[in-house]
Structure formats: structure tokens, C-alpha cells
Amino acid sequence: MMDKIRSALVKYWGYNDFLPLQKDAMECVGHGRDSIVVLPTGGGKSLCFQAPAVVMQGLTIVVSPLISLMKDQVDALRECGVPAARVDSSLELDEQRAVLAAVRSKKLKLLYMSPERLVSERTIELLKQMQLSCVAVDEAHCVSMWGHDFRPEYRQLGLLKKILPDVTVGAYTATATEHVCRDIAEQLHLEKPAILVGSFDRPNLIYKVRPRTNKLRQVCSVLDQHRGESGIVYCIRRKDVDAMCATLKAKGYNVLPYHAGMEDQDRKDNQDAFIREKVDIIVATIAFGMGIDKSNVRYVIHTGMPKSLEHYQQETGRAGRDGLEAECCLFYSGGDYGTWKGLLSDMEPEAHKIAMVKLDHMYGYCTGAACRHNAILRYFGQAPAKDNCGACDTCLGELDGIENALETAQKILSCVLRLGERFGGGYTAAVLTGSNDKRILENRHDSLSTYGLLAEHSTRTVRGWIDQLEGQAYIEKVGDYNVLAVTQKGWHIVRGNETPRLLKPAEKPAKVSRAVEDSWEGVDKGLFEALRKLRAGIARKKGIPAYVVFGDAALRDMARRRPSSYIRLLDVKGVGEKKRRQYGEAVLSTIEAYCRTNSLEMDCH
Ligand code: ADP
Ligand code: ZN
């Protein structure tokens with residue numbers, strides 16, 4: 001069985017190897033064992049059920065929550081030469097009939113549908129007469145109230161094992177918590193399921209977190225490094241989306257907005273334009289992203305802090321699904337904390353408490369000085385893989401520590417104490433820098449011994465250090481007004497027994513991370529661009545997303561190997577037989593012409 005699956009992987013998808021846990025997950029399907037597979041976005045979940053489906057005798061049903069997701073996957077499968085279809089309410093009646101006829105004639109390998117359709121009487125009647133290989137439940141966390149996207153219609157899937165007791169069920173999700181896993185097993189009545197949980201690290205994502213100083217300039221500097229590439233700019237509020245979008249457009253960037261306040265049709269059009277690569281940049285609230293499988297999002301910018309690391313992980317997770325490097329830049333400010341606190345204030349007490357803990361973790365992440373990858377892994381309960389990830393601002397050494405951190409921290413803490421632990425971060429920073437603010441003068445805090453102790457620094461810098469001390473738990477914010485108090489741990493600093501880490505934002509240009517160097521190694525960027533143009537043309541003509549034609553990884557591999565023949569073309573990662581047949585000629589002639597004009601060597605390994 002595994003040999004067959006392996007050859008299908010090569011033949012249809014052009015991949016020679018499994019990604020982590022894919023093999024185990026496929027083995028479960030192949031051998032009829034129920035399974036729950038938890039892999040992060042981009043971990044290759046779909047292939048876990050698609051590859052076995054191709055080699056098994058019967059039909060595989062895939063349950064999916066959104067029509068857009070089904071459509072994307074079915075398009076991609078057909079592009080690879082796998083007979084797949086979907087039935088959903090957006091199809092005309094005769095289209096639906098055609099699909100059902102294909103099912104009956106056993107021509108299909110995979111059939112996508114919604115959960116409510118699957119458990120409907122008519123579908124079950126049909127399926128009882130068919131040989132089923134597997135039912136794959138995609139986005140399986142939707143059955144659980146503990147997940148982040150509970151969908152009541154998914155609950156009906158509990159009936160599945162009752163109606164079709166012999167069928168193998170595979171559940172696939174990116175939501176990691178144990179609670180959700182257990183709930184999925186229970187709700188779906190899985191039989192001794194294998195539970196496969198992958199690492200949540202996304203090594204190809206380069207995390208960068210900076211205090212927000214000049215939002216527009218910071219955003220533009222990221223955009224300028226990614227000219228011509230696809231990316232998302234997230235804003236907290238709708239009005240920020242509109243403002244940012246208008247400004248960027250005026251500056252000549254190729255942008256469109258997306259938020260829940262827009263007309264349905266406009267939203268859909270803008271999403272389509274992004275998927276089809278007619279527009280490079282989407283400025284959006286977090287309403288944007290669900291149901292988007294676009295694999296070559298090269299950067300995600302957060303112009304404000306998300307309210308939890310779960311959200312951050314999910315939103316940044318939309319970058320780099322193809323495994324190639326992608327940049328995730330977060331620009332935060334202490335004010336974001338206050339904004340969220342206000343927005344969360346009318347929740348139920350219990351839920352509010354949880355939300356505030358999550359908010360605090362998020363803020364600690366921003367102000368912290370630990371490896372970003374490790375901080376995320378630890379938060380999700382997984383052990384960090386290595387000390388230096390080589391793909392975050394901390395590990396790349398972009399954030400330099402200041403030399404006299406202990407002395408500086410002592411000045412700050414002593415000021416907090418002198419202020420009687422009754423004032424917030426902004427006020428404390430103003431006192432430390434010797435501001436002539438009216439309130440300070442009225443309170444006579446200009447006569448404190450700590451007044452002006454850090455006058456050589458800007459208030460903003462000092463405010464940042466206060467945040468960092470809070471992130472490392474030397475200071476805490478208490479009460480309704482977020483006044484600063486020194487923690488027990490903070491007293492170690494006061495006494496000089498412990499040295500905190502205080503950062504100064506580096507002025508030097510960002511280093512190129514290891515991930516970036518690797519995936520561009522040997523790639524001719526000019527040829528890559530030429531192939532991108534070719535791909536865009538094909539996609540437009542066929543009315544499918546560009547990344548469904550070829551992923552960025554495949555294009556880079558072409559521009560690296562520069563094959564001269566059909567045989568050599570199959571060496572390229574992501575080129576299976578059907579794609580070679582369909583696009584081989586165009587690809588080969590583009591490569592040939594480019595290499596001739598530029599006197600480039602071909603057939604590099
Ligand atoms: P998920 O659903 O877990 O987010 P996908 O199934 O969309 O992930 O796969 C993510 C990307 O990885 C896709 O571009 C896919 O083609 C690619 N991929 C999947 N399996 C492999 C493999 N074995 N080798 C190389 N690339 C793979
Ligand atoms: Zn790191």
C-alpha cells in the first residue's frame with residue numbers, strides 16, 4: 001500500500017518525499033484505522049487523505065465547512081489529474097446530476113461536500129451502495145465547542161459512525177489543544193483513533209516584532225521589500241482598514257480592502273482579485289483569511305497587536321503555506337493593550353478572565369526578548385526545538401540589548417516605587433525623562449529623586465523598556481487603571497541580584513535569514529519572474545488561481561534546475577505527469593529562451 005501511495009505522490013503531485021507525519025497519517029487511511037491528524041497550516045494535511053484516496057479502490061468523501069475551500073481543493077486536484085468533484089448548493093441542478101452520475105459510474109476518487117449534505121438521507125442512501133475508502137473530515141475542530149470555530153452543522157457528523165459503522169474516518173485540523181482532540185474523537189465516535197500531532201513550529205516564517213513608531217513608514221518598508229509579491233496587512237478596526245488602504249493606494253501600491261462592513265459582493269471580488277493575483281496587497285480585518293488556501297502569501301503585517309497568540313498564530317499562519325520563507329511583521333504599541341481591554345470589557349466574567357489572560361500573554365510576547373518561535377511553541381505546550389531559530393528578530397540579532405540594562409531597570413523600578421505604585425506606564429516614563437507635563441508638575445513629581453533620571457532617552461524608548469520589564473514579569477499592571485507595581489521578581493533587580501534584558505531597536509538594516517538564503521540558492525531570479533508571468537497567463541486563461549497551476553516552490557525549482565527536456569522537467573518538485581503534459585512545452589520554451597538570451601547553463605542538478 002505505501003509503495004503505491006509513494007508512486008502516486010510522484011506521479012500526480014511531483015513530490016518525492018513525505019512531510020513529517022504524512023506517512024503515518026496515510027498509513028492509517030490505507031489500513032482502515034480511524035485517525036486524528038493535527039498539523040499546522042502548510043503541514044500538508046490534504047495530501048494525508050488525498051494520496052491514499054487515489055490508490056484505494058473506492059470513493060473518499062471529504063467534509064469541508066466552506067464552498068471556497070472545496071472549490072480550491074477540487075481545482076488543485078484536477079490540475080494534478082486526480083478525478084475529484086464537489087456537490088454544494090452553488091451548483092446548478094444539472095451540474096449536481098452530472099456529479100452524482102460520475103459517483104455512480106465509479107469514475108471519481110474524491111467527492112467534497114458539506115457535513116449537512118453528507119448526513120442527509122439521500123446522500124446516505126447513495127453511499128450505502130458505494131464502496132467507501134474513507135470519510136475525511138477537514139477542519140475537524142469545527143465539531144468542538146473548545147475549538148476557535150465551532151459549527152453546529154459539524155455536530156451532525158456524530159451520526160456518521162452510526163449510519164456507516166464500517167467506514168474509516170480521518171479527522172484533520174490545525175488546532176492543537178488536547179481538549180479539542182478528545183472532543184473530536186468523542187463527537188465523531190471514532191474507534192481507537194491514532195492521534196498524530198505534529199510540531200507547531202513553522203520554521204519558514206520569519207517573525208519580527210517592533211514597537212509601532214511610524215505606522216505608515218514601517219508598513220511601507222515591509223511592502224517595499226516584497227514588491228510584486230502577495231501579502232496581507234491586518235488592522236484591528238474597519239476604519240483603520242479604510243484609512244490604511246486609501247493611503248497606500250495614494251502612494252501607488254496595488255491594494256484592496258476587506259472587512260465585514262463591506263457589501264458581500266465587493267468582499268468576494270476583492271478576495272478573488274487577491275487569489276488570482278490581480279492585486280498584490282489586501283488590507284483587512286481578521287475577517288479575511290478563513291477559507292483562503294493561497295499558498296504563496298509572502299508576508300503578513302499586523303499594524304496592531306492581535307488579542308491572543310492563538311489569533312496571531314492563525315493569522316501569521318496564512319503566510320508561507322508552500323513552505324517557502326515568509327515574513328510576519330507585527331507593529332504593536334502599549335495602546336493596543338488598552339484598546340483590546342476596552343473591547344473585551346463587556347464579556348461574561350468567566351470568558352473575560354480567559355480573554356485577559358490571553359491578552360497578557362500576547363503582550364508579553366510583543367515586549368519579550370526571547371526567540372519568537374520558541375515563545376510560540378512554549379505557549380502551545382510544545383518543547384522548543386533549538387535555541388537559535390535563525391528566523392526571528394531576536395535570533396537574527398536585530399534587537400540589540402542595551403549595555404547597562406541592570407542600572408536602567410533599577411532606575412525604572414525605583415521610580416515606580418517612588419510614585420507609590422499608583423501610576424501607569426506613560427506617566428512613569430514621562431517622570432523618568434523629566435517631562436514638564438502639567439500633571440507631573442501639579443503632583444510635584446518633578447521633585448522626586450527619580451525625576452529626569454533617564455532624560456537622555458526619549459519617552460517612547462523608556463516606555464518600551466517599561467513594557468519589556470513587564471513582559472519579563474518584573475513589573476505588573478494592576479487594577480482598573482493599569483497602574484504599575486513591582487513584582488516579587490522585580491525586587492531581585494532592585495537588589496541587583498538579577499539582570500533583565502532591555503532592548504534597543506537596532507538601526508542597522510535587517511539581516512537576511514537562513515531560510516531566505518536556502519530557498520533562493522541557485523535560483524535565477526530573472527527566470528523566476530519570467531515563469532511567474534507565464535503562470536499568471538495560464539491561470540488567467542483557465543480561470544483558476546495562479547498557485548493552483550504551479551506553487552512558488554515549483555517555479556523556484558524550475559529556475560534553479562533549468563531543465564532542457566521533458567524527462568528533466570519531472571525532477572522539478574511539484575511537477576507531476578499531468579502538469580508536465582499540460583504546461584511542459586510552455587515551461588520548457590520559456591526556460592530555453594531565457595537561458596539562451598542570458599547565456600545561462602541548463603540542467604543544473
Ligand atoms: P494544510 O492543509 O495542512 O495547510 P496543504 O495540504 O495545503 O497544507 O499543503 C501545504 C503545501 O505543502 C501545499 O503547497 C502542498 O502542495 C505542499 N505539500 C504537501 N505535501 C507535500 C510533500 N510531501 N512534499 C512537498 N510539498 C508538499
Ligand atoms: Zn528565534
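**Exercise 1.** Identify which residues of the largest nonpolar core touch the most other members.

*Solution.* Step 1: apply the criterion for a nonpolar core, a set of buried Ala, Val, Leu, Ile, Met, Phe, Trp, Tyr and Cys residues joined through side-chain atoms within 4.5 Å, where buried means under 20% relative accessible area (1.4 Å probe, protein chains only). Step 2: in this predicted model, the largest such core has 42 residues, and Tyr207, Phe288, Met305, Tyr312, Met362 and Tyr365 touch the most other members. Step 4: a second, separate core of 40 residues includes Leu91, Val103, Val180 and Ile184.

The model is predicted, so local features need pLDDT of at least 70 and side-chain atom pairs count only at pLDDT 80 or more, while totals for chains, interfaces and linings use all residues. Residues are numbered from 1 along each chain as written, chains are lettered from A and ligands numbered from 1 in written order, and side-chain values use heavy atoms, without hydrogens and water.

**Exercise 2.** Determine which polar atoms of Tyr15, Asp17 and Lys45 lie close to ligand 1.

*Solution.* Step 1: take N or O pairs within 3.5 Å as polar contacts. Step 3: for Asp17, a polar backbone atom is 2.7 Å from a nitrogen atom of ligand 1.

Key
Buried < 20%, exposed > 50% of the residue type's maximum accessible area, 1.4 Å probe, protein only. Polar contact = N/O pair within 3.5 Å; in protein donor to acceptor, adjacent residues only side chain to side chain.
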